[in-house]
Each structure stands twice: as structure tokens, then as C-alpha cells.
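Welcome! Take a moment to turn the model around before reading on, and then we will walk through it together.

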Amino acid sequence: MAEHAFRSARANAVGATVLLAAAAIAAVDTDIALGPGSAVALSGPSVAVGLATVVVITLMVQWARAGTPRPASSDRRLTNLGRLVLHLWPVIVLTTLYPLVSPRMEGHEVSGVPLTTFILMVAVTVPWISQAVCAPLYRVLQPIWEDGGRVELQRGFWRYWPATFLVTLPLSGAFAVVLWFGLGWSRGAVGSYLALLVLNVVFSQVLVVTNISKSRSGWAAGWTAYSLPVVLIPTAWILPPVCGIAVLAVSWTRVRFERPHALALRPAVSDMVAGLLLGSVLWADKFLYFLHGDNDIEILTLFISLLPAVVAYNYYFVCLEPAMGEVTRGVRSTLEGAPMRWLPYECTSMGRFVSWSLASTALLGAAIALVLALVAGGTGMDQVQVAVVSMASWLMMMCTITCYKIDYAGARRAPLGLSAAYLVACVVAFGLAPTGVQAYVWLGVAASGVLVAALVQCTRLWRRPQYSLFWKHAVRW
């Protein structure tokens with residue numbers, strides 16, 4: 001599998017680029033001539049399908065030539081698919097439910113704000129803020145999980161969660177203040193927004209335990225409990241996070257409250273800032289779009305256009321990231337006991353695996369974006385809006401994953417600087433662009449520049465992973 005994956009990395013990257021271009025062509029209304037002065041012209045979707053066919057045939061030939069010495073078993077593929085579906089469960093359920101329950105929310109308000117608008121503002125805030133408020137918990141709970149088991153992990157949560165909650169609470173207040181000044185909501189509406197946001201933050205922090213222990217069933221159970229009130233009582237906006245928290249806590253092996261432990265403030269704040277910056281690349285644009293107030297992009301179109309990036313993002317972390325740990329352990333074992341003549345091969349394989357995982361994720365996201373652009377033509381969604389938002393989101397997703405690869409190699413400042421630059425560009429785009437679509441065009445340009453810089457840095461670091469991951473730290477010591 002490794003050699004096959006390594007040799008096809010470049011083909012996957014080229015295929016992803018062509019498919020993304022095909023997704024843009026699919027949104028073209030006028031016919032496209034096949035050449036200068038040619039009398040034959042095809043529609044945009046037809047050209048897109050032709051390009052996709054060429055890509056598929058080329059990739060199949062490339063993969064066949066590369067060979068697969070150790071092909072993945074069908075059981076392993078089914079296991080990965082099952083894990084991916086469970087991890088995408090909230091996306092599947094909530095995306096399906098929103099069009100069904102939103103008519104039942106019509107006419108209801110929260111302190112003068114339409115209930116649908118209120119719920120959506122919380123929904124676009126939670127993914128971004130969760131990246132920040134959960135980061136300190138991951139840092140303190142991961143060693144507990146590695147040294148102990150599930151019960152110790154749950155006990156560790158009760159020890160460190162109170163302090164984590166207090167340290168991260170001001171960030172929820174900061175989002176509420178931005179919302180107040182940006183949209184001019186009443187105090188009651190802002191207070192309700194803050195209350196629901198805090199409950200969702202707690203729900204996200206409880207989910208950290210299921211993520212660290214890789215309990216996909218627990219993850220799905222928590223989100224199912226979260227979704228049920230949305231279906232049964234959609235106007236009771238406070239119930240979803242409460243039900244999710246209750247089900248997760250009760251399902252733990254042993255609910256035992258521990259004596260709270262203090263949390264080192266400086267590392268916690270550092271983790272929180274890093275999570276806020278890294279999370280902004282994929283999620284800040286949704287929050288700022290609603291603050292922008294233009295609303296020229298339909299809500300359903302916005303969220304559907306995000307699906308290629310979300311699916312590819314989860315595919316990477318569920319199916320590919322675990323293998324990264326195995327490759328890292330292989331290099332470490334070589335350094336500790338194997339003949340040193342093996343080290344160049346192991347390190348080269350590790351660098352190629354990084355390239356392949358990025359290219360494969362890019363290919364999957366681009367393929368879904370193309371399918372979405374083609375399908376949008378038969379629905380009520382605007383094809384141009386779908387193409388623009390999905391392509392920009394694809395670029396944001398690739399920036400995020402590449403930044404994580406840089407951080408994994410031990411260079412923490414570079415991804416934070418790149419993320420901060422993108423966040424500034426995001427604020428400028430939504431502050432100056434007259435429409436949401438134009439803002440996303442500008443964001444696509446900004447994300448392209450960030451992605452190029454991130455890929456250059458990532459390539460440089462992973463060219464010599466033995467130095468980035470191990471020897472650099474040994475020299476410092």
C-alpha cells in the first residue's frame with residue numbers, strides 16, 4: 001500500500017486541481033468552444049464531465065502502474081467507512097433536519113430576533129470557538145489516556161474541566177460582544193445567544209473524552225441526543241446541548257466527580273489562542289458572513305457548499321491521520337534500535353506519506369465539489385454561488401490540514417502566522433466586499449496564497465523529518 005500511495009501522490013494532486021477547475025467550469029452558463037475558431041461548443045457541465053472522465057482514467061492507469069503490494073483489506077475499508085460515517089453523523093443529521101424543521105420555527109422569536117437567525121448565529125459560532133475552548137483539555141487529558149484507560153480519562157475530565165471552563169469562558173463573552181456591536185441585537189437576545197453558546201461549549205468539551213478515546217459510538221450517541229429535541233421541539237432552543245451533555249455524562253463507565261485541579265494559565269491561554277487562529281481558517285468566514293448582513297447567499301446553499309470541505313476534512317482525520325502515528329513510531333523505532341542504514345528509507349517514506357495524505361484529501365474534496373456543482377444545476381441553488389463557496393471552502397480546508405502538518409513537525413509559529421494572516425484577510429474581505437459572493441472570491445484568492453506558503457513550509461520540514469521530529473529537540477536538550 002505504501003509504495004502505491006507514494007507513487008500516486010503527484011497524480012492525486014494534479015487530479016484534484018483539474019477536478020476543482022471542472023467544478024468552476026460546471027457553473028458556466030454559456031457554451032464553451034472546444035478550440036479557437038471551432039464550430040463545436042459544449043455546455044459547462046458537459047466539459048466538466050469530460051474533464052472528470054479524463055482524470056478518472058488517468059488516475060486508474062497511474063494507480064495500476066504503481067501497483068499495490070499490500071492492498072487494504074475489505075474489512076479495513078469497511079471499518080474506515082463506518083468510522084467516517086459515525087464521525088460525520090452530526091453533519092448528516094443536522095443538514096438533513098434543518099430544511100425540515102425550519103418552517104416550524106417561522107414566526108418564533110428570541111427577544112425580537114427570528115428564531116432561525118438566532119439558531120444559525122450560534123451554529124456558525126460553535127465550530128470556530130470549539131477549536132479554542134477544547135484545546136487546553138486535549139493537552140491535559142491526552143497523557144492521562146495514554147497512561148491509563150477510559151475510567152482514568154473520565155476522572156481526569158472532572159478534575160480539569162472546571163478550571164478549563166473558567167479560563168475559556170471569557171472567549172464566549174468576546175463573541176457575544178462582537179455580535180452585539182455587529183448586528184445590534186437587544187440585550188435579551190445577546191444574553192440568550194451567550195447562554196446557548198456556553199451550553200454548546202460545554203457539550204463540545206464533554207465530546208473531547210469521546211474523541212480522545214476514539215469512541216465513535218459515544219460521539220454518535222451524543223449527537224443523536226442533541227438532534228432529537230431539534231426534531232421534536234424545534235422551538236425549545238436550549239434543549240439540544242442539555243440533552244447531549246446529559247446522555248454523554250450518563251453513558252460514561254463511572255460518573256464520579258473529582259476534586260478540581262488547577263490549570264496552568266499560560267499554556268492554557270496559548271492553546272486557546274492557537275485553536276482560535278487555526279480554527280479561523282475553516283470557520284471564521286461563516287461567522288463573518290452573517291455579520292456582513294448582505295445575505296445574498298441562501299443559507300442552505302452556504303451549508304451545502306461547505307460539504308466537500310467538511311467531508312474531506314473528516315476523511316483526513318478519521319482515515320489518514322491514525323496512519324501518521326504508525327509511520328512516526330516506525331521512524332522512532334529505527335532511531336532507537338534498528339540499523340541506521342534503514343533511517344533514510346524510513347524518513348523518505350514518511351515524507352512521501354505526508355504528501356500522499358494531503359494529495360488524497362485534496363482529490364476527495366475536489367471530486368465532491370465537482371459532483372455538487374453538477375447536481376446544483378438541477379436544484380433551486382445558484383450554481384455560481386455553489387461553485388465559488390465550495391472552491392473557497394476547499395482551499396480553506398487544505399490550508400487548515402497543511403498547517404496541522406506543519407505543527408505536527410514541530411514548527412508551531414509558522415501555522416499560527418499563516419492562520420493569523422488569513423483571518424486578517426477574511427475580516428478585510430467581508431468588511432469591504434459589497435456582496436457575500438464577492439467576499440468569497442477574495443477569500444479564495446487569499447486562501448490560495450496562504451496554501452502556497454503553507455505547502456512550501458510543509459515540504460521543507462518534511463524533507464528531513466528525522467531532524468524536525470527528533471534530532472532538533474535532542475540538540476536543544
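What share of the 477 residues of the chain counts as buried? The answer is 49%, where buried means under 20% relative accessible area, with a 1.4 Å probe and protein chains only. Please keep in mind that this is a predicted model, in which local features need pLDDT of at least 70, side-chain atom pairs count only at pLDDT 80 or more, and totals for chains, interfaces and linings use all residues. Residues are numbered from 1 along each chain as its sequence is written, and side-chain values use heavy atoms, leaving out hydrogens and water.

Now look at one pair of helices. Helix 8 (residues 150-183) packs against helix 9 (residues 187-212) at an angle of about 150°, and their axes are 9 Å apart. The axes are lines fitted to C-alpha atoms over the stretch in contact, and angles run from 0 to 180 degrees between N-to-C directions. Helix 8 and helix 9 are therefore roughly antiparallel to each other, a label for angles over 145 degrees.

Finally, visit serine 419, which sits in helix 16 (residues 413-432). Serine 419 is buried, its relative accessible area being 0%. Beyond its neighbours within four places in sequence, serine 419 is in contact (heavy atoms within 4.5 Å) with Leu277, Leu278, Ser280, Val281 and Cys403.

How values were computed: Buried means under 20% relative accessible area, exposed over 50%, partly exposed in between (1.4 Å probe, protein chains only). Helices (H or I, at least four residues) and strands (E, at least two) are DSSP runs, numbered from the N terminus. Angles under 35 degrees count as roughly parallel, over 145 as roughly antiparallel, 65 to 115 as roughly perpendicular and the rest as oblique.
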